Amino acid sequence: MATVNAQTLTERQKGLAECACLMAQGDLERLEPTVKTALDNGVTINELKEAFSQLYAYTGFPRSLNALGVLSKVLENRKPEWQEGKPWMRPEIWDDAAKALKQGTEVQTKLSGRAFDYAFCPQDDYYLKSHLFGDIFAGDQLTPADREIVTVAALSGLEGVDPQLAAHKRGAVNMGNSQELVDELCAWLDHEGYTLRSRFPKGEPNVNYAQYFIHDSYLAPIQPANLGEGEKTVLPIANVTFEPGCRNNWHVHHGMHQILICVSGRGWYQEWGKAPVALTPGTVVDIPEGVKHWHGAQRDSWFQHYTTHVATGGEQSNEWLEPVTDEVYNKLK
């Protein structure tokens with residue numbers, strides 16, 4: 001009941017969520033220390049086995065097996081305080097296909113909030129009811145509420161699964177989590193960067209310019225390449241990462257124009273007096289000298305762009321102006 005009624009994520013719940021998200025992304029390098037931390041914070045070995053096994057239905061066997069391989073490697077140097085958890089028991093319904101179908105249909109109906117029949121594809125309808133919500137959900141290592149925390153976290157780390165993520169956010173509440181807890185889980189995954197979904201460097205907190213940003217941004221300088229003796233080097237380039245909802249103030253560049261190369265997530269760019277422009281990976285924006293503008297992330301997405309400046313003559317400076325207010329920003333669609 002502590003899990004059901006909590007409005008603040010416990011360290012154990014965070015551990016399950018972190019492991020699920022990294023497993024879904026196939027980020028084995030980060031998963032290994034995260035598994036250790038989860039075990040330190042009360043997640044049991046058998047709970048992690050159950051979580052990684054369940055997620056094969058959402059992420060595929062390769063990533064499930066890879067995550068279990070990471071867990072096995074971690075346990076080679078097992079700490080005495082790490083808990084095994086409840087002994088694993090083979091679910092009885094595994095030996096009764098009709099019972100698995102019946103029980104899975106009931107679980108699916110509760111999770112969905114209504115009866116769900118996928119008549120368009122009877123094969124998937126049967127797999128969902130009998131196998132996913134029957135066979136897989138029959139395990140007793142995780143509560144139904146915990147299973148949905150694991151599923152929401154995993155789907156949050158993947159691209160192209162927005163309908164399923166939205167459904168499981170609702171399902172997480174139907175299976176016993178408070179709405180406040182689900183909202184906090186998603187906000188925490190965003191804030192910690194698990195939904196960044198990028199191979200580009202996030203960088204360090206952008207403290208030197210924090211006063212000109214709403215919410216948090218990060219800066220990763222890119223080392224300029226030397227083009228050869230007697231030639232100019234490439235202008236300094238930096239990767240700027242914006243957390244969801246982060247944007248910089250209105251500003252103007254003097255003595256130079258700015259180039260943005262969008263590499264990850266979704267963002268906004270707007271010039272004074274003009275309509276905002278949505279930014280996606282591959283978008284390139286050349287911002288003329290002297291033009292008042294701002295740029296940043298969309299509300300529900302991390303955003304990254306490479307940025308550089310090209311000198312146009314004269315003294316170079318940035319003129320920082322007023323912030324982009326919530327009233328203006330929240331109207332963007």
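Trainee: Leaving aside its neighbours within four places in sequence, which residues is Ala275 in contact with?
Mentor: This is a predicted model. Ala275 sits in the loop that runs between strand S8 (267–271) and strand S9 (277–279). With neighbours within four places in sequence set aside, the contacts of Ala275 are Tyr269 and Gln270.

Trainee: Is Ala275 buried or exposed?
Mentor: The relative accessibility of Ala275 is 58%. The cut-off for exposed is over 50%. Ala275 therefore counts as exposed.

Trainee: How far apart in space are Ala275 and Pro80, C-alpha to C-alpha?
Mentor: In sequence, 195 residues separate Ala275 and Pro80. For scale, the C-alpha atoms of the protein fill a box of roughly 80 × 45 × 35 Å along the principal axes. From C-alpha to C-alpha, the separation of Ala275 and Pro80 is 60 Å.

Trainee: Gly267 lies in strand S8. Is Gly267 buried or exposed?
Mentor: Not counting residues up to four places away in sequence, Gly267 touches Val277, Ala278, Leu279, Gly296, Ala297, Gln298 and Phe303. Its relative accessibility is 0%, and the cut-off for buried is under 20%. Gly267 therefore counts as buried.

Trainee: What distance separates the C-alpha atoms of Gly267 and Asp95?
Mentor: Along the chain, Gly267 and Asp95 are 172 residues apart. Between their C-alpha atoms the separation is 51 Å.

Trainee: Which strands are the edge strands of the open sheet of six strands?
Mentor: The order in this sheet is S1-S3-S4-S12-S7-S10, and the pairing is antiparallel. An edge strand here pairs on one side only. That description applies to S1 (204–205) and S10 (284–287).

Trainee: Which residue in S10 is the bridge partner of Gln258?
Mentor: Strand S7 (residues 256–265) pairs with S10 in the antiparallel sense, over four bridges. One of the pairings joins Ile261 to Val284 of S10. For Gln258, the bridge partner in S10 is Ile287.

Trainee: Are H4 and H6 roughly parallel or roughly antiparallel?
Mentor: Helix H4 (residues 45–54) packs against helix H6 (residues 61–74) at an angle of about 165°, and their axes are 9 Å apart. Angles over 145 degrees fall in the antiparallel class. H4 is therefore, relative to H6, roughly antiparallel.

Trainee: How many residues of the contact of H4 with H6 are nonpolar?
Mentor: H4 contributes Ile45, Leu48, Lys49, Phe52 and Ser53, while H6 contributes Ser64, Ala67, Leu68 and Leu71. Two of the contact residues are polar and one is charged. The number of nonpolar residues is six.

Trainee: Is Glu47 buried or exposed?
Mentor: Glu47 has its place in helix H4. Not counting residues up to four places away in sequence, Glu47 touches Arg12, Gly42, Gln141 and Leu142. Its relative accessible area is 9%, and the cut-off for buried is under 20%. Glu47 is therefore buried.

Trainee: Is the crossing of H9 and H10 left-handed or right-handed?
Mentor: The axes of helix H9 (residues 144–156) and helix H10 (residues 162–174) come within 9 Å and cross at roughly 160°. That angle makes H9 roughly antiparallel to H10. The crossing in which H9 passes H10 is left-handed.

Trainee: How many charged residues are in the contact of H9 with H10?
Mentor: On the H9 side are Glu148, Thr151, Val152, Leu155 and Ser156, and on the H10 side Gln164, Leu165, His168, Lys169, Gly171 and Ala172. By class, four are nonpolar and five are polar. The count of charged residues is two.

Trainee: What is the phi of His215?
Mentor: His215 is in the loop between strand S2 (213–214) and strand S3 (217–222), and counts as partly exposed at 46% relative accessibility. Most residues other than glycine have a negative phi. His215 is not a glycine, yet its phi is positive, at about 75°.

Trainee: What share of the residues in the protein is buried?
Mentor: The secondary structure comes to twelve helices and 13 strands. Of the contacts with a separation of 6 or more, 73% are between residues 24 or more positions apart. Among the 333 residues in the protein, the buried share is 44%.

Technical notes
Residues numbered from 1 in each chain as written. Predicted model: local features only at pLDDT ≥ 70, side-chain atom pairs only at ≥ 80, totals over all residues. Heavy atoms only, no water. Axes fitted to C-alpha atoms, helices over the stretch in contact; angles between N-to-C directions. Helix = DSSP H or I, 4+ residues; strand = E, 2+ residues; numbered from the N terminus. Parallel < 35°, antiparallel > 145°, perpendicular 65-115°, else oblique. Contact = heavy atoms within 4.5 Å. Nonpolar A, V, L, I, M, F, W, Y, C, P; charged D, E, K, R; others polar. Pairing = 2+ DSSP bridges. Buried < 20%, exposed > 50% of the residue type's maximum accessible area, 1.4 Å probe, protein only. Left-handed = near helix turned anticlockwise from the far one by under 90°.
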